[in-house]
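Please open the model in your viewer and keep the sequence panel beside it. The tour below goes from one selection to the next and says what is found at each stop.

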Amino acid sequence: MITLGIETSCDETSIGIIENDRILVNLIYTQEQHNKFGGVVPEIASRAHLQNLLPLLKQALTETRLDSRELDLIAATAGPGLIGALIVGYCFGRGLSFSLRKNFIPVNHVHGHLFSIFLSEQKPRFPFVALLVSGGNTALYLIKDFYEMELLGSTVDDAAGEAFDKVGKLLGLNYPGGSEIEKLALLGDENFTDFPVANLAEKYNFSFSGVKTSVLRFIQKNYSEGMDDISKQNIAASFQRAVSEALVQKVDLAVREFKVRDAVLVGGVAANNYLREKLRESLKVKSCNLLYPDLSLCMDNGAMIAFAGLKSYESNYYQTNPITHPFPN
Ligand code: KG4
């Protein structure tokens, strides 16, 4: 089966083509037009997707030497995401499937991230625990099979990536702040100060708005005259430790409760090496493997949407669970 995946939920325009679980091509265009605004501007994102999609599709077909008629399935992200951005990719995919007379599979972006690990060399064994940490989501799942999963908990306010981006802004870093904070933190002292992370009644839920506010207060109280580089590095390291500890704690709890052999870290924040290391250390004691996808599969990408679409098609999930948000099937 050759599946085309289209991803346009936020600021990455991506086209991926897979043959079963093998990636043939995965082109990702990150829109840099948003950087100067300190966040994604929805209107700009939609227009950029509109400009990027056709050239990316042509490039993907050229690189794979495929003819569009050789595509068996066409999958596109249907949500969640920025509505205008989604409409562009969804309509592009649906129009293409109509003209080629192929099946069209709407895909939930979250499922794309959760199953992205299956495009990596080392695949998890069911059941496994999956932590999705991105700019828009932070959630913990028990995955029993493809499209058979239980949401254990999620953030009640900010996503972990969002907290990284907001603290990045407080430290005067470029958007998105995640990888910049990681770089700064390498030079800092993680025990410089303790930023508190909320402990919620629902044991698998997360909250990251408090830690962001405590960084803001700390800066206002101690650095009203401005911050030197060393203080920025120390704050970045202490913040990264606090967020990572909160994430590791919940994964630990779920691994013990469900006695899984594998835990999977997906989403943009999964690129963070400090978090990976802390998780790996803590899971090793419980004889649980930590798996995470390659870097290009951690970020928003078309290949993961193609794979989630293929599994949805094979299990008939898309017909029994129509994605009604934001478009009726
Ligand atoms: O999954 P993703 O590409 O898309 C969204 O959900 O938007 O994730 C992007 C998020 C951003 O918040 C970014 O700051 C964060 O992932 N991120 C990181 C790192 N690389 C990207 N956060 C922490 N450390 C990193 N190395």
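Begin by selecting G135, D165, Y175, P176 and G268, which lie nearest the centre of the largest pocket, a pocket lined by 42 residues. A pocket here is an open set of points on a 1 Å grid over the protein atoms alone, where a 1.4 Å probe fits and protein lies on both sides within 12 Å along at least five of seven lines, and a lining residue has an atom within 4 Å of a point. The volume of this largest pocket is about 1,300 Å³, a volume being the space filled by probe spheres set on the points, with grid points joined across faces, edges and corners.

Before going on, note that this is a predicted model, in which local features need pLDDT of at least 70 and side-chain atom pairs count only at pLDDT 80 or more, while totals for chains, interfaces and linings use all residues. Residues are numbered from 1 along each chain as its sequence is written, and side-chain values use heavy atoms, with hydrogens and water left out.

The classes count Ala, Val, Leu, Ile, Met, Phe, Trp, Tyr, Cys and Pro as nonpolar, Asp, Glu, Lys and Arg as charged, and the others, Gly among them, as polar. Then show α3 (109–115), α4 (160–170), α5 (178–185) and α9 (295–298), each of which supplies at least two residues of this lining; helices (H or I, at least four residues) and strands (E, at least two) are DSSP runs, numbered from the N terminus.

Which helix gives the largest share of the lining of the largest pocket? It is α4, with six residues. Keep α4 selected and pick out its buried residues, A160, G161, A163, F164, D165, V167 and G168, where buried means under 20% relative accessible area, exposed over 50%, and partly exposed in between (1.4 Å probe, protein chains only). These buried residues of α4 pack against β6 (128–133), β7 (138–145), α5, α6 (209–222) and α7 (229–258), contact meaning heavy atoms within 4.5 Å. After α4 comes G172, whose phi is positive, near 75°.

Now colour the chain by domain, with domain 1 (2–115 + 297–320) and domain 2 (123–292) as given by the domain assignment, whose bounds come from an automatic or database source. The C-alpha centres of domain 1 and domain 2 lie 27 Å apart, and 18 residues of domain 1 are in contact with 17 residues of domain 2.

Select S116 next, in the loop between α3 and β6. At 0% relative accessibility S116 counts as buried, and, residues up to four places away in sequence not being counted, S116 touches V266, P293, L297 and M304. P127 lies in that loop between α3 and β6 too, and the peptide bond from F126 to P127 is cis, with omega near -10°. Another cis peptide bond runs from G79 to P80, again with omega near -10°, and P80 lies in the loop between β4 (73–79) and α2 (83–100).

Two further stops concern backbone angles. R101, in the loop between α2 and β5 (103–108), has a phi near 55°, a positive value in a residue other than glycine, and R101 is exposed, with a relative accessible area of 77%. Y147, in the loop between β7 and β8 (148–154), has a positive phi of about 60° although it is not a glycine, and Y147 is buried, with a relative accessible area of 12%.

Move on to the second largest pocket, which holds about 210 Å³ of space. Of the 16 residues that line this second pocket, V197, A242, E245, A246 and Q249 are the closest to its centre, and its lining divides into eight nonpolar, four polar and four charged residues.

Finally, zoom out to the chain, which has 11 helices and 10 strands. Along its principal axes the C-alpha trace spans about 60 × 45 × 35 Å, and buried residues make up 54% of the 329 residues.
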